[in-house]
Amino acid sequence: MSELLRVEHLTKHFPVEQGELLPHVGKSVQAVDDVSFAVEEGETLGLVGESGCGKSTTGRCIIRLIEPTDGRILFQGEDIRRFKGRELKAFRREAQFIFQDPYASLNPRMTIGEIVSEPLVIHKIATHTERLNRVKEYLEIVGLNPEHINRYPHEFSGGQRQRIGIARALMLNPKLIICDEPVSALDVSIQAQVLNLLGELQDEFGLTYVFIAHDLSVVQHISDRIAVMYLGKLMELSDWKSLYTAPYHPYSQSLLSAVPVPDPVKQRARKRIILQGDVPSPIDPPSGCRFHTRCPIAKDICSQQVPELREVAPGHLAACHFAAPNPIEVEALPDPVVRHMV
Amino acid sequence: MSGELLRVDDLKMYFYTRDGVVKAVDGVSYTLNKGETLGVVGESGSGKSVTALTMMRLVPMPPGKVESGDVFFKGESILSMKEDKIRAIRGDRIAMIFQDPMTSLNPVYRIGHQLAEPLVIHKGMSWKDAEARAVELLEMVGIPNPASRARDYPHQFSGGMRQRAMIAMALACDPDILIADEPTTALDVTIQAQIIELMQELQERTGTAIIMITHDLGVVADVANNVMVMYAGRPVEYGTTEQVFYNPRHPYTWGLMDSLPRQDLTKKGALSPIDGQPPSLVDVPTGCAFHPRCPYAKDVCKTRNPELVMLEKGHSSACLFAGDSDFVRKSAVSTGRSE
């Protein structure tokens with residue numbers, strides 16, 4: 001496997017206007033601050049965190065939907081921030097985006113055929129008939145009826161719309177797809193269908209995913225490696241298994257313990273680490289470690305010194321002065337058994 | 001636990017729309033006792049919220065129409081109560097928390113004023129006393145600087161704080177029943193954990209019965225004594241939390257549980273989703289509403305509408321085959337309990 005994407009010291013600050021009488025740009029929202037990670041070809045990197053942690057901003061910076069303030073984004077070794085004109089357009093074919101809201105991300109006045117073929121039109125690929133055939137082929141791949149090509153988005157359910165968004169993202173044979181909360185608007189049974197579809201497509205087309213979500217179970221299910229973010233900072237980065245069985249960062253630990261598991265006996269026996277208070281404002285983030293205001297093990301140094309993201313175990317990075325593993329019992333599962341049919 | 005607080009009896013709420021009759025709630029029955037928590041689980045459009053709104057008499061009629069059934073609060077029929085009587089109960093004896101704390105708080109009134117309002121209306125307090133009580137309530141739900149925060153407007157609160165304020169408002173009059181409609185869905189997990197813990201604490205202190213409407217089986221596993229699983233407006237399974245989680249007896253419940261990615265289990269690989277999508281409530285399939293998506297469906301399922309049948313004490317399922325001893329789910333998910 002080779003490296004497809006490398007993000008180095010990515011920083012995005014949004015300036016905020018202040019003052020009611022004389023508006024001026026003063027402070028800024030530090031949405032993403034010095035975030036670095038790499039994604040291998042064919043793997044899925046999960047970006048997880050609560051609202052306002054900067055995971056979506058990171059995703060949008062990666063494909064230059066928004067311009068980063070600082071840092072480098074290397075796609076196949078080339079800095080995409082330097083891309084202009086033709087280069088940028090070529091890059092856009094390689095990297096696609098699946099949006100969270102299946103209702104807002106499809107133009108209600110376009111038919112499904114127009115929506116899904118638009119990438120081909122923009123990039124001037126193929127003739128009209130070829131495009132049509134290709135749209136039908138991809139609708140079929142994502143599990144929709146190709147005959148619905150002339151229907152409008154409102155005629156589809158949420159899960160089907162998300163499939164339309166996926167088909168649109170696939171049209172240009174991209175290498176990288178940023179999935180921004182692709183299943184969070186869907187019901188559980190539909191969510192599982194879309195997750196399975198994303199898995200199948202990855203195998204079939206050799207896709208690389210950056211999968212952004214707040215649902216830890218979903219992220220665990222789909223990701224090879226996972227990055228945990230908090231208030232614009234990367235807190236922990238490791239392969240999914242060591243993160244879920246032995247998280248090092250107190251934030252990851254409390255995040256994992258906060259998700260209720262659907263098993264009453266187990267859930268009621270679990271120790272929850274309840275964090276106090278809310279996430280502080282990213283306009284004026286806490287000094288030192290940004291998590292120190294809510295951290296159950298914070299000491300003096302945490303408010304003074306920013307902890308570096310360091311290797312705490314092979315391939316396992318954590319940004320905490322006092323990083324220590326907190327083993328979580330995870331039950332191994334027997335192989336799925338074929339259901340008994342009556 | 002003693003004393004039946006609420007009894008829902010074969011409730012049917014239909015909506016008469018231009019597109020046809022929407023059978024939003026189609027035969028729901030259950031009882032709720034003092035201090036108990038009932039989890040109502042189902043996907044969107046399964047009728048879980050409309051059931052709650054109906055018992056609060058908050059469904060606009062028309063287009064809504066109660067086709068049959070009734071809801072009894074302490075033995076008295078809610079659906080045939082006079083308007084002023086239900087207004088005395090609503091917000092006082094039965095309170096509700098909604099999913100979206102932004103749209104359920106009034107943006108042009110201060111938080112303290114909104115919290116005081118039920119006290120003035122139901123308890124006859126003066127505005128001054130009620131607003132002082134509102135500050136105490138905010139403190140009780142863990143809002144820092146409650147006195148100054150009471151003078152804030154909803155937009156100055158974060159999502160978690162707004163939901164806390166909603167809970168404070170719902171609990172202001174010490175209700176007998178708290179209906180929580182997806183109270184944590186819009187919140188982050190660490191805030192969800194805070195809110196759930198808060199609700200549990202308050203329940204222990206006040207003995208309020210809770211109806212927890214959610215799609216999150218994890219939340220139900222955490223808080224509920226009893227669980228009702230709904231599909232297409234009908235209850236498909238009802239039982240204690242243990243019964244429903246460890247011995248589910250309806251293929252839809254099986255499907256729901258197998259659809260969930262589980263962070264507490266190491267299995268990777270494909271999930272087993274339920275095929276297809278939930279039916280339109282205008283055009284509910286004949287027979288068992290779940291049959292087009294059910295991997296076990298037989299011909300009889302297309303024609304016969306299964307009743308909720310008691311299988312053992314407290315546990316019932318609306319599947320024609322639920323009683324068969326060889327009708328078992330070999331699940332991919334272990335039960336976490338040694339049998």
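A: Happy to! Chain A has 11 helices and 12 strands, where helices (H or I, at least four residues) and strands (E, at least two) are DSSP runs numbered from the N terminus. The radius of gyration of chain A is 22 Å, close to the 20 Å that the globule rule gives for 342 residues, so chain A is as compact as a globular protein of that length; the radius is taken over C-alpha atoms, and the rule is 2.2 Å times the number of residues to the power 0.38. Along the principal axes, the C-alpha atoms of chain A fill a box of roughly 70 × 65 × 45 Å.

A word on the model and its labels. This is a predicted model, in which local features need pLDDT of at least 70 and side-chain atom pairs count only at pLDDT 80 or more, while totals for chains, interfaces and linings use all residues. Residues are numbered from 1 along each chain as its sequence is written, and chains are lettered from A and ligands numbered from 1 in the order in which they are written.

The pLDDT (the predictor's confidence in each residue, from 0 to 100) averages 87 in chain A, with 94% of the residues scoring at least 70. Over residues 332-342 of chain A the pLDDT is below 50, and this stretch has 19 contacts in the model beyond near neighbours in sequence; a contact means that two C-beta atoms, placed from the backbone, lie within 7 Å.

Now to the cysteine. A:C179 is found in strand β7 of chain A, residues 176-180. Why does A:C179 count as buried? Because A:C179 has 28 C-beta neighbours inside 10 Å; the cut-off for buried is 20 or more other C-beta atoms within 10 Å, with 12 or fewer for exposed and partly exposed in between, the C-beta atoms being placed from the backbone. Leaving aside neighbours within four places in sequence, A:C179 is in contact with A:I98, A:L198, A:Y209, A:F211 and A:I212.
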